[in-house]
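These are my notebook entries on a single chain model. I set down what I looked up, entry by entry.

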Amino acid sequence: MTGHRVFVANRGEIAVRILDACARLGVETVLGASAADTDTLGARRADRTVVIGPARSTDSYLSIPTVVHAAIATGCTALHPGYGFLSEQPELARLCAENGIIFIGPTAEQLEALGDKLRARELAASLGVPLAHGGEADTLAEANALAEQIGYPVLIKAAHGGGGRGMKLVEAADELEHAWSVASSEAESAFGDGTVFLESYIRDAKHIEVQILGDAHGHRVHLGERECSVQRRYQKVIEEAPCAALSAENRRLLHESALRIADALDYVSLGTVEFLYDVDRERLSFLEVNPRVQVEHPVTEAVTGVDLVREQLLIAFGEPLSFEQADVTVSGHAIECRITAQDPDADFQPSPGRVTRWRPPATGGIRVDSHIYEGYLFPPYYDALMGKLIAFGADRAAAVEQVQRALDRFEIAGPRTNLPLLQAITAHPDFTANTVTTHWLEGMLKEAVHG
């Protein structure tokens with residue numbers, strides 16, 4: 001595809017993933033990199049790399065004027081924000097539009113609507129999508145009354161945030177005042193808005209999400225679901241597709257609910273609708289919509305055969321979806337492990353440094369998405385993600401065996417990594433039996449420390 005030049009406003013493995021998708025489409029690329037990232041694999045793969053600022057992300061990857069100016073100055077016609085950084089900022093989408101640059105993502109208005117979790121809850125409720133009990137409370141007295149109404153434990157959540165910040169679990173009434181105050185302060189500090197709300201807490205829940213895709217011609221499809229229950233402090237560690245714990249009835253409800261939300265928003269681009277699944281009650285609850293490509297998108301690609309980033313690019317360029325819902329089939333099972341430069345034995349402290357050995361397993365049924373190469377100096381300035389190992393099998397049992405074998409054969413030296421923890425998780429009887437829920441990993445880690 002000619003006539004387009006894409007500015008990649010991100011780094012790490014997702015920058016490489018986007019650059020590769022553009023290359024396969026014949027689209028020119030410009031990578032915006034910080035001064036600390038000029039020797040990355042992304043910088044080597046891009047047609048051109050420009051420095052957008054110093055290592056500190058607030059002065060480079062998080063500076064909207066700088067990023068847009070760089071895209072304009074390099075003659076780019078479109079901008080891909082990846083995930084994290086500015087990917088969900090309506091201001092970036094709006095500034096791109098004002099300067100004639102295609103923002104590869106939803107519109108600024110859709111990003112604003114989905115960034116407010118209270119508005120998203122209201123939308124889901126209006127569409128009959130299943131929700132956890134909860135709502136907004138403007139005062140502590142209202143919060144107390146609401147918590148008594150829905151019953152403890154409750155979860156206090158930031159209306160404009162994510163990633164676990166501004167989120168507090170409250171087990172009993174005497175904890176509410178302190179948790180309410182801390183959550184609101186954290187939300188104000190992290191997201192510039194201290195608005196929080198309450199939801200009933202589901203102790204034994206699986207995190208399940210639906211991949212959606214919509215074009216500008218009114219076509220919207222889902223590409224099945226993923227399960228992301230192996231989490232630490234609300235950060236996903238292992239993801240898989242499909243979710244093997246769902247009944248056919250709940251799977252149908254899940255997919256229909258996700259598409260109902262996408263249709264109501266007239267959603268354009270790639271997105272994910274997230275839910276919790278109460279294992280005991282076999283009940284779904286809407287969580288939020290993530291309007292961007294997700295870290296875990298490769299497991300969906302593995303079981304559907306759809307290149308999601310390619311589709312996202314083509315939709316942004318005005319192309320209609322190249323397939324319909326009836327064409328989407330899910331075959332086999334895929335599991336993704338996030339490999340990070342962190343030391344699980346030292347409370348997951350970051351472990352930057354020179355990568356002296358990086359040897360992914362040379363086995364079939366494996367995909368590795370990464371920006372790492374031997375000799376790379378892993379920087380201390382950004383997140384700890386080194387790469388993602390994706391294993392595919394004919395069914396879940398085969399995928400588990402495949403990922404165990406691949407983790408055992410993965411050779412990494414230099415920074416400390418979470419590879420031993422991933423090996424322990426995937427070999428654990430609870431994981432192989434598919435009984436883990438969102439708080440399972442925290443319990444496993446405590447058991448490992450205290451015996």
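**Entry 1: salt bridges**

I searched the whole structure for salt bridges and found 37. I counted a salt bridge where a side-chain nitrogen of Lys or Arg lies within 4 Å of a carboxyl oxygen of Asp or Glu. Side chains of opposite charge can pair when their charged atoms come close.

I note the basis of the work here: the model is predicted, local features need pLDDT of at least 70, side-chain atom pairs count only at pLDDT 80 or more, and totals for chains, interfaces and linings use all residues. Residues are numbered from 1 along each chain as its sequence is written, and side-chain values use heavy atoms, with hydrogens and water left out.

I looked up Asp 39 and found it in a salt bridge with Arg 44, the closest N and O atoms being 3.6 Å apart. For exposure I used these classes: buried is under 20% relative accessible area, exposed is over 50%, and partly exposed is in between (1.4 Å probe, protein chains only). Asp 39 is partly exposed at 46%, and Arg 44 is exposed at 52%.

I then looked up Asp 347, which forms a salt bridge with Arg 232; the closest N and O atoms are 3.4 Å apart. Asp 347 lies in the loop between strand S16 (342–343) and strand S17 (349–350), and Arg 232 lies in strand S11 (residues 220–232), so the pair ties together parts that are 115 residues apart in sequence. Helices (H or I, at least four residues) and strands (E, at least two) are DSSP runs, numbered from the N terminus. Asp 347 is partly exposed, with a relative accessibility of 46%, whereas Arg 232 is buried at 13%.

A further salt bridge joins Glu 311 and Arg 310, with 3.5 Å between the closest N and O atoms. Glu 311 is buried at 5% relative accessibility, and Arg 310 is partly exposed at 35%. I also recorded one network, in which salt bridges that share partners join Glu 209, Arg 226, Lys 236, Glu 239, Glu 274, Glu 296 and Arg 338.

**Entry 2: a negative patch**

Which residues form a negative surface patch? I found Glu 122, Glu 136, Asp 138 and Glu 142. Patches are made of residues with over 30% relative accessible area and no salt bridge; like charges are joined within 9 Å, and nonpolar side chains (Val, Leu, Ile, Met, Phe, Trp, Tyr) within 5 Å. I placed Asp 138 in the loop between strand S6 (134–136) and helix H7 (140–150). Asp 138 is exposed, with a relative accessible area of 60%.

**Entry 3: cysteines**

How many disulfides does a search of the whole structure find? I found zero; the cut-off is a pair of cysteine sulfur atoms within 2.5 Å. Cys 96 is in no disulfide, and the nearest cysteine sulfur, that of Cys 76, is 10 Å away. Cys 96 is buried, at 0% relative accessible area. Cys 243 is likewise in no disulfide; its nearest cysteine sulfur belongs to Cys 228 and is 9.5 Å away. Cys 243 is buried, with a relative accessible area of 0%.

**Entry 4: backbone**

I looked up cis peptide bonds. The bond from Tyr 152 to Pro 153 is cis, with omega near 0 degrees, and Pro 153 is in the loop between H7 and strand S7 (154–158). Ala 241 and Pro 242 are also joined by a cis peptide bond, with omega about -5 degrees. I placed Pro 242 in the loop between strand S12 (235–241) and helix H9 (248–265).

I then turned to positive phi values in residues other than glycine. Phi of Asp 266 is near 50 degrees; Asp 266 is in the loop between H9 and strand S13 (269–278) and is partly exposed at 45%. Phi of Ser 269 is near 110 degrees. Ser 269 lies in strand S13 and is buried, at 3% relative accessibility.

**Entry 5: Leu 422**

Where is Leu 422 placed? I found it in helix H13 (residues 419–427). Leu 422 is buried, with a relative accessible area of 0%. The C-alpha atoms of Leu 422 and Ile 339 are separated by 8.0 Å, and the two residues are 83 residues apart along the chain.

Terms used: Areas by Shrake-Rupley, 256 points an atom, 1.4 Å probe, with all protein chains shown as cover. Lys, Arg positive; Asp, Glu negative; His and termini not counted. Charge placed at Lys NZ, Arg CZ, Asp CG, Glu CD.
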